[in-house]
Amino acid sequence: MALLVLLPQSFQKNPSQSSPLVDFYSSLRPSLSDLSFSSSFLPCPALSLHKTSNFSLPTSSFRVLAVAINPQELPASSPQRLVKELEERKKVAFPKKKLPPKVLILKPPLDDEKLTARFLSSPQLSLKAFPLLSSCLPSSPLNNADKQWMDEYILEAKQALGYPLEPAANLEDSDPAKQFDTLLYLAFQHPSCDRTKARHVRSGHSRLWFLGQYVLELALAEFFLQRYPRESPGPMRERVYGLIGKRYLPKWIKAASLQNLVFPYDDIDRIIRKEKEPPVKSVFWALFGAIYLCFGMPEVYRVLFEAFGMDPDDESCQPKLRRQLEDVDYVSAEFEDRKLTWQDVAAYKPPEDALFAHPRLFRACVPPGMHRFRGNIWDYESRPQVMQALGYPLQTTDKMPEITEARNIELGLGLQLCFLHPSKHKYEHPRFCLERLEYVGQKIQDLVMAERLLMKHLDAPGKWLDERHRRLLLNKYCGRYLREKNLHHHIVFGEKVLDAYEHNRRMRNPATTAVQQALHGLSYTVYGKPDVRRLMFEVFDFEQIQPKAM
């Protein structure tokens, strides 16, 4: 703080010549006890002396002098002193340094010994029998802080989800559920938690939610396809969103009493929506990634509909009212006059002599009336070329040759359905088109690609894998791989739109993409997930790593 004093200019030319001037100046200097720290200068003794003194100042020009007061000499309770001390401490504690951008910071590579030790100690290489499960384990062993969280909260999480409270580490090595405690711990470490500062926790959680989102989509797609065998995929997508859309997930987390594990310090009802939904969505997806890896798809249905209490008949997840096309065709006998429950879907096991890997899902997607197309022109001209390009039929070992023959007939009908565009028969026969096979094909190709990326990139975080997954499965690429095999010439369009689809690229390319995804759905229902991998990575080469023919 400075004290302003006005002095005549004549007094400052040679102040050492006369002692009265020095005495006058010293009389104007206040003592420290007389100083005031008010914003007003009125009570200052110097000004009051100037007013009451009989001494008359000359009328010459004035200069302004500032007398600085040392802040160290201020009283301890002075606000000015406290502010200045705080500023000094900030300068020492937080110096303003211009850091280089992180892109330009180069870390030295690990030497061979450290790199070898890091890989050998990683839990990701510990399970040879379960490569997908092993790839989702943390990249380094859990430390004491991780085990402390597990000791405090893991029993509460397992009780809410309906699992036994015994430690999973006591199980046999051949049981994938032995890793459930570790994966369950990672599932709750969403990006807003304190533990996500550790790299192995942050990466492990993101890889789990990356897998879990596609597990949920496939599980509900299969469930609704079998529960509503006459419905088109449009209303089914609305049903799925009504159950696992991100705006509805906080309700399910609270219904399972897991909100205290997601938000240990806050009330979930008082958190605003944009801050509540991302952590809940991340934990929800990661939970089902962990459950799928340890227990399989039937357990996913149990936790969805039992632990979280989801109801597919609830009013909130019903589709919008729309004009429905009249379906005059038959459905399979197991779907007639009843709706399948989640227990029916979860507990279903195909018989030993079943024609397909997923027989009920095949019957839900391929209507029985497709047998009327046997022996038509497409069956004679296009079917052999398509089967040769896709490597069908696969070599199987059946007890009787009649089973193999019946499977090949059904496979040919399914292939013809994959190439039936909706413009051909949909308005008279709504299920005689590729839409239902396309729907399940989208979901299974997403899951197969996610599993492939997880096993291929062990050290990649989930966000990078998600972006890589999206770029590999762009719709324009799916249709392009089909066109490279010259299979788009076998698509059956309606007569009214035939010219438009054949000569308009913007209309033709989405149609080829739909056929590509329908082929994946058919291969999943007939031969199972291994055949989807064969189509995606060997026949169509989605990763574009195979050598090209010159």
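**A walk through a helical model**

Of the protein's 550 residues, 46% count as buried. The model is a predicted one. Its secondary structure comes to 25 helices and two strands. Among contacts between residues at least 6 apart in sequence, 73% join residues at least 24 apart.

Start with the core. The largest nonpolar core has 135 residues. Within this core, F188, F284, F308, L390, L415 and F540 touch the most other members. Helix α8 supplies the largest share of the core, 15 residues. In soluble globular proteins, nonpolar side chains tend to be buried together.

Take F540 as an example of a core residue. Setting aside residues up to four places away in sequence, F540 touches L390, Y481, L482, K485, L487, Q516, L519, H520 and L535. One of these partners, L390, is itself listed among the core members that touch the most others.

Now turn to helix packing. Two packed helices are described by the angle between their axes and the distance between the axes. Helix α8 spans residues 199–227, and helix α12 spans residues 273–295. Their axes come within 6 Å and cross at roughly 80°. An angle of 65 to 115 degrees counts as roughly perpendicular, so α8 and α12 are roughly perpendicular to each other. On the α8 side, the contact is made by H205, L208, W209, L211, G212, Q213, V215 and L216. On the α12 side, it is made by S282, V283, F284, W285, A286, F288, G289, A290, Y292 and L293. By class, this contact has 13 nonpolar, five polar and no charged residues. F284 of α12 takes part in the contact, and F284 is also among the core residues that touch the most other members.

A second pair lies further along the chain. Helix α20 covers residues 435–456, and helix α21 covers residues 462–472. Here the axes come within 10 Å and cross at roughly 130°. That angle makes α20 oblique to α21. The crossing is right-handed. From α20, the residues D446, M449, A450, L453 and L454 take part. They meet L465, R468, H469 and L472 of α21. These contact residues divide into six nonpolar, one polar and two charged.

Return to α13, residues 297–307. Is this helix mostly covered or mostly open? It is mostly covered, with nine of its eleven residues buried. The buried residues are M297, E299, V300, Y301, R302, V303, L304, F305 and A307. What covers them includes α6 (144–161), α8, α12 and α14 (342–347). After α13 comes G309, with a positive phi near 70°.

Helix α6 also holds D146. Why does D146 count as buried? The cut-off for buried is under 20% relative accessible area, and D146 counts as buried because its relative accessibility is 0%. Leaving aside neighbours within four places in sequence, D146 is in contact with Y185, R195, H200 and V201. R195 is 49 residues from D146 along the chain. Their C-alpha atoms are separated by 7.8 Å.

Compare another residue, K254, in helix α10 (residues 249–255). K254 counts as partly exposed, because its relative accessibility is 37%. Beyond residues up to four places away in sequence, K254 touches Q259, I268 and D269. D269 is 15 residues from K254 in sequence and 9.4 Å away in space, C-alpha to C-alpha.

Finally, look at the loops. S257 sits in the loop between α10 and α11 (259–262). Its phi is near 60°, a positive value in a residue other than glycine. S257 counts as partly exposed, at 45% relative accessibility. D337 lies in the loop between α13 and α14. Phi of D337 is also positive, near 65°, and D337 is not a glycine. D337 is exposed, with a relative accessible area of 75%. The loop between α17 (383–390) and α18 (401–418) holds P393. Which form does the peptide bond from Y392 to P393 take? That bond is cis, with omega near -5°.

Definitions and conventions: Residues are numbered from 1 along each chain as its sequence is written. Side-chain values use heavy atoms; hydrogens and water are left out. Axes are lines fitted to C-alpha atoms, for helices over the stretch in contact, and angles run from 0 to 180 degrees between N-to-C directions. Helices (H or I, at least four residues) and strands (E, at least two) are DSSP runs, numbered from the N terminus. Angles under 35 degrees count as roughly parallel, over 145 as roughly antiparallel, 65 to 115 as roughly perpendicular and the rest as oblique. Contact means heavy atoms within 4.5 Å. Ala, Val, Leu, Ile, Met, Phe, Trp, Tyr, Cys and Pro count as nonpolar, Asp, Glu, Lys and Arg as charged, and the others, Gly among them, as polar. A crossing is left-handed if the near helix is turned anticlockwise from the far one by less than a right angle, and right-handed if clockwise. Buried means under 20% relative accessible area, exposed over 50%, partly exposed in between (1.4 Å probe, protein chains only). A nonpolar core is a set of buried Ala, Val, Leu, Ile, Met, Phe, Trp, Tyr and Cys residues joined through side-chain atoms within 4.5 Å.
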